[in-house]
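Please consider the model shown below.

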Amino acid sequence: MISNASKMATDSPRSPSLWVPKTVVIRKITPEVENVATYHLAFTDADAAASYRFKPGQFNMLYMPGVGESAISISGDPESPELLDHTIRVAGNVTRGLTQLKPGDTLGLRGPFGSSWPMGQCVGRDVLLVTGGIGLPPLRPAIYQLLKRRQDFGNLHLLYGARSPDVLLHQNEFDDWKRSGLTIQKTVDRSVFGWKGNVGVVTLLLERLHSFDPSNTVLFCCGPEVMMRFVARTAFDRGLTAEQIWVSTERNMQCAVGLCGHCQLGPQFICKDGPVFRYDQIAPLLTVEGL
Amino acid sequence: MMAQEIQNVLQELRFSSGLSQEDLQKLASISELVEVPASTVIFSEGDAAADLFLLLGGRVELCMNVPAKGCLPVLTLGAGDLLGWSPALTSGEMTATATTIKDTSAVRFAADKLQRLCEQDHDVGYEVMRRIAIALSKRLVATRLQVLDVFADPMTEGKS
């Protein structure tokens, strides 16, 4: 069992605190790219706000009365939990319903749930963040933490792939991140005229990457599962082992406490054992058809 | 002096690292170091296959002509990548247009000399072809991932 599970996820699933949503208000909505926006949420109850803490990689359940609940990764700064960022892509009823809301409207929120990126393992080591598409927001809290304690880590690289240049997320922060010591390389699957950046899948960036020591590196990966499998394969070619690779997985989360089984992947419940797993703990399950 | 310099460079490149000094020497003897400024067309789709390159630095864009759309970029290559595999395998035409996006440095092999070396010395020929096959297999996998369109919008909600 991984050691980075949240306290909440290890509480009894019968604990009322896990099931009763707290009210949050939408303070601001930042449009990112088409069909993606960041919702900045704040608790209406002062006690709830004061006690709420999350770790990079964890998620909340956002509840729209009359519509349903959806698991959304927290994409903001863990050290500024007074405003909880959730970067959301429209993908179903709840996320579509969220597009109808405006600042000042309220939602229900349960969480935080799940395991987190093992930030402690990054100390003194090079860190590779490899992501694609909507996989960047779940890594964003880790980026904030890494850059706030930049001196504690070796080389920091973000390798980011997207479908096309117009859907690259959080680009307005890239200059700040670079100034703070993060090397960023972007690539797109489909180019457009005028794009002078990389074209090709993100694994190619990893294949070409210099300035990291494979024996002293941690790799965090978040994106479509097939992408993560091939990122891991490329990482193995570059000399990393499965114990140095962590991935964030995705399934249909419903209860978020490991009871309903909707997110079950073999023996693992993604909602409480994950979503962040060390690669060797989950790799065999990722190639099983139908899981 | 130049051959020794190229041999040292080849030793560091992932394509050719691990080759024996003897094999590196043979490859160095039929190659040259080239510097290509940004925005230079190295070869065009349909050109007769002539040279093969191992990139040392910079960036090269490969594009393919699509009627009414122009030359669409399909891949960019960087340090350590193989550029222009067609000449090593066939004597036909180049399958894409290669243009430097940044100032680029490379080791250039004349394809006819490389093919002759591989024919005359099957040991080095096997190693070169095996490494080309590995490079192409990685590019094939990367192309499959592009074709899968893994970043397309999801059909259902899971965890975003």
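A residue is called buried when its relative accessible area is under 20%, exposed when that area is over 50%, and partly exposed in between, with a 1.4 Å probe and protein chains only. The model is a predicted one, in which local features need pLDDT of at least 70 and side-chain atom pairs count only at pLDDT 80 or more, whereas totals for chains, interfaces and linings use all residues. Side-chain values use heavy atoms, without hydrogens and water, residues are numbered from 1 along each chain as its sequence is written, and chains are lettered from A and ligands numbered from 1 in the order of writing.

A pair of aromatic rings is described by the distance of the centres and the angle of the planes. Rings of Phe, Tyr and Trp (its six-membered ring) pair if their centres lie within 6.5 Å; planes under 30 degrees apart count as stacked, over 60 as edge-to-face and the rest as tilted. Over all chains, the structure holds eight aromatic pairs. One of them joins Phe43(A) and Tyr52(A), a tilted pair with 5.2 Å centre to centre and 50° between the planes. Both Phe43(A) and Tyr52(A) are buried.

Another pair is formed by Tyr160(A) and Phe174(A): the ring centres lie 6.3 Å apart and the planes stand at 75°, so the pair is edge-to-face. Tyr160(A) belongs to strand E8 (residues 156-162) of chain A and Phe174(A) to helix H6 (residues 174-179) of chain A, 14 residues apart, and the pair thus links distant parts of the chain. Helices (H or I, at least four residues) and strands (E, at least two) are DSSP runs, numbered from the N terminus. Tyr160(A) is buried because its relative accessible area is 0%, and Phe174(A) is buried because its value is 4%. Tyr144(A), Tyr160(A), Phe174(A) and Trp177(A) form one aromatic cluster.

Attention now turns to chain B. Chain B has five helices and eight strands, which run α-α-β-β-β-β-β-β-α-β-β-α-α from the N terminus on. Its C-alpha atoms fill a box of roughly 60 × 35 × 30 Å along the principal axes. Of the 160 residues in chain B, 47% are buried.

Confidence is expressed as pLDDT, the predictor's confidence in each residue, from 0 to 100. The mean pLDDT of chain B is 89, and 94% of its residues reach 70 or more. Among the elements of chain B, strand E7 (residues 97-100) of chain B has the highest mean pLDDT (96) and helix H3 (residues 86-89) of chain B the lowest (83).
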